Amino acid sequence: MPLTPDQLKPILTSIIQESGLKPFQVENTVTLLREGGTVPFIARYRKEKTGELDEVQIRLVEEKLAYFSELEERRGTVLKSIEEQGKLTAELRSRIEACRQKTELEDLYLPFKPKRRTKATIARERGLEPLADLLAAQEPSRLPEELAAPFVDPSKDVADGAAALEGAGHILAERLSEDADARALVRSLTWEQGAFVCRVAPEKAGSVSKFEMYYDYREPLKEIPSHRMLAMRRGEKEEVLRLSVLAPEEEILLRLKGRLLKGDSPCRPLLEGVAEDAYRRLIAPSIEVELRLEAKKRADEAAIAVFAQNLRNLLLAPPAGSRRVLGVDPGLRTGSKLVAVDGTGRLLEHATIYPHTGEKKIAPARAELLRLVREHRLDMVAIGNGTASREMEQFVKETLADVGHKLAVVVVSEAGASVYSASDIARDEFPDLDVSVRGAVSIARRLQDPLAELVKLDPKSIGVGQYQHDVNQAALKKSLDEVVESCVNYVGVDLNTASWALLSYVSGIGEALARAIVRFRDERGPFASRAGLLDVPRFGAKAFELAAGFLRIRGGSHPLDNTAVHPENYPLVEKMASDLGGSLASLVADPALASRIDLKRYVGEGVGLPTLRDILEELKKPGRDPRAEFQSVTFREDVQQLSDLKEGMVLTGTVTNVTAFGAFVDIGVHQDGLVHVSHLAHRFVRDPNEAVRVGEIVKVKVLAVDIPRKRISLSIKEANPQGGERPKKVAPAPEMKKSASDAGAWEKAGFRVKK
C-alpha cells in the first residue's frame, strides 16, 4: 500500500538523521525512487536533484526507506493491537511512536503480544496477580508469608503459602522479562561483554577435522571476524561443534536486581530469586538467540561485502576488445575444444584436437590449430585455466612460434564456464553445440569482454567469495545483482551486439524488455538510433528515460548515441555546437573543441554544473570505455605443477579471490596459493581489499609448498622490497566522491574515492 504524506514524513526524518545527508537530498532521492527511478539513473542523470549523491549513498537511502517503511507499517499494527486491548496509555504511545529500531518496537509490544500458556498465565488464572502486586510494592513491615496467606486456596491448586509465592514470583519474573528497558540492558551488556564459546561435540572429541582450532575456543561476541563466525556456524551445522553465548551474568543480575528492588524489605530475598529466574529462564535464552542471529547477520554482511567487491573487480577487468579470438577449452583424454570467434563474439567455427594423447596426434593438432588461425585471421588465443591448461599453453606457443605467428596467448579463468555451458542462455545461443564447445566460446568471449560474458552466470558460480553457501542467500543475491547492475551501467552497453542477459541489467530494462529488444533487433536489423527503442513493443517513455543514456550505438545516425550524454540533453549539446560555429558532428569528432565551451553559459532550469561537467567529459572522450587497458600475466614456463615450485621462488600471478584472511593467487600450477593478510604489504592491513583486488597482477614469493595437501604459501610483501612500486590494479571501480556521512564506506564497497 502506498505511503501517505503523513506516514512518509517521519520516515524522511529518520533517514535524514541516520544518514547524515541534507534534507533536500533525502527528500528528492526518495521521490525519484518512488517514481521508479533506478539507482544508476538517479546517480548519473539527476545530480542536481540529489546534490550529487553517488550510487552507494542512494542505495543507503533506498535501504533506509525500505526499513523505515516496514517499521512504520509494523508500528501501526502494534498501536492498533494494544489499543484494541484497551491498554494503550499516552506514555506507551509516545514511546512506540519514538521507536526507530524494530527490536525496540518488538520489546515494547512483548507484554501485549498473544502468547502461549505460561507459568505466569497459570498463576494469574489462580488469582495470584494481586499477590504479585503486593510483593512488588515491597512494604517494609510485611513478611512475604503474611502477604501470601489470604491467597491459599486448594480448590485453585494453591495448596499453601509457598505455592502462592511461587506463582506470584512467576508473574513478576514474566513482567521483568517483558520490560523493554530490562531486555535492552541485558542485550547491550551481553553484546558488549559477552563471548562466543565453541567446543567440540562430545561424540567428536579427539577426531580430526577442519574445525579442530575451534574445539575449545572463545572470542568476544562483538569482535569475532566474519570468517570465524561462519566457520563455527558451519561446524555446528555439521554437528562437529557446539556453540553458546557466555554472558556477563554477575553484572546482569546485579543490574536486574537493582531495577526490581526498592530498598531493604522482607521481600528482598524472594525478589532476588525472581530476578535470577527471569534472567535465566526467560530473558537469557531469547537474548542469546537474538544475538546469535545478530552476529550471524553481521558476519553475513561482511562476507557478502567481500564477495561483492571481488565480483565488482572481476566484472570491471580490462577487456581485450573486439579482437578475433581462438578460444581453447583444454582437455586430455577427451581432447581440447577450439573455437574461432569474430570481434563481436560470434562463433565462426569449432574443432577438437588431441595433442596430449600420443605422438601421432600432435602433428594433426598443430595443423588444425594453424588452419583456424589463418582462415579466420585470429588475433589472440584464450586458454581456459583448468585441466591441462599449462600443457596446452606450451603447445600453442610452440606451434605458433614454429611458423612465426606472434599472437598473444592468454590464460583465462574458466570459473563458472561449465555452469554457463549447461544453462538456458547457452542452449538458446547454441542449441546444437556440445557443452564443452559452448564452454570454449565462453572462454574466448571472456577475453574480449569479461563483463558481457560473466553477466550470463549466476555470480555465485564464479567463486570469488567466502562461505557463500552459509550466508543469507536472499541478501547475497540482492547485493550481487546490485553490483552487476552498477558495473553494466557504469561501462555502458552496445545496443546492437549485447545479449539479452547483458541488456537485462541496463537501468529500466529487465529480462522481459531485454528479450523483446533482441527479438526486435533480429527481425528488423541493427538500431540506427537510440530513438528506435521506442518502436520496440512495450518499451515506453519511462523505460526510455531510464535506459537510453546507458546504451551505445556505434556509427549511428546521431553523433551522441555513442556517448553517455542522455537524449534529454541533446538539444543543449546542439546549442553548444552552434555557439561554437560548427555542427554537432564536428564537435563530437573533434574533442579539442569541447575545451572552448563555457559551461556557465548553459546553467539553467534542470541543468546545473554537475550535468554540464559530465557532458563536457563525454565530449572530450566520446565512446571511451572507462575500464583500464588490457594486460595479461605470463607464467614461468619451467613452473607448471606443484612439484616444480621451490621455496624462495619469485613468480608472477593473478589474484583470483580476496577473503578476510588474505588473497589467493594463480601462479600457473593448477592450484592457487594463499597470501596471508600479514604478507600482503609492508604495513598493517586490516582489510585485504585495501591491498589487492581480484584480477590484479602481482609478484609473489613462494614461502612453503605442501604437496600432499596441495597448499602453497605465498608472500607479496617479501617479493616486493619496501617502497618498491606495485603493479597497478587492473579492475578500477566507478569513481565516487567522499562524503562525511559515510566515511570509508564506499572504499570498503569497492569504489575509488576522490580525496
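**Sheet and helix packing in the predicted model**

Strands β4 (residues 325-329) and β5 (residues 336-341) run antiparallel and are joined by five bridges. Within this predicted model, aspartate 329 stands opposite lysine 337 of β5. The two strands belong to an open sheet of five, ordered β6-β5-β4-β7-β8, with mixed pairing. At its edges lie β6 (347-353) and β8 (408-412), each of which pairs on one side only. From one strand to the next, the twist averages 20 degrees.

Helices also pack on this sheet. Helix α16 (residues 362-375) touches β4, β5 and β6, and its direction makes about 170 degrees with that of β6. Helix α20 (residues 435-448) lies across β4, β5, β6, β7 (380-384) and β8, running at about 50 degrees to β5.

The crossing of α11 past α15 is right-handed. Among the residues that meet here are Leu165, His170 and Leu172 of α11, and Leu270, Val274 and Arg281 of α15. The residues of this contact comprise 11 nonpolar, three polar and three charged.

Helix α11 also meets helix α9 (residues 129-137), where the axes come within 8 Å and cross at roughly 75 degrees. α9 and α11 are therefore roughly perpendicular to each other. The contact includes Leu131, Asp133 and Leu135 from α9, together with Leu165, Ile171 and Arg175 from α11. By class, its residues are nine nonpolar, no polar and three charged.

Conventions. Residues numbered from 1 in each chain as written. Predicted model: local features only at pLDDT ≥ 70, side-chain atom pairs only at ≥ 80, totals over all residues. Heavy atoms only, no water. Left-handed = near helix turned anticlockwise from the far one by under 90°. Helix = DSSP H or I, 4+ residues; strand = E, 2+ residues; numbered from the N terminus. Contact = heavy atoms within 4.5 Å. Nonpolar A, V, L, I, M, F, W, Y, C, P; charged D, E, K, R; others polar. Axes fitted to C-alpha atoms, helices over the stretch in contact; angles between N-to-C directions. Parallel < 35°, antiparallel > 145°, perpendicular 65-115°, else oblique. Pairing = 2+ DSSP bridges.
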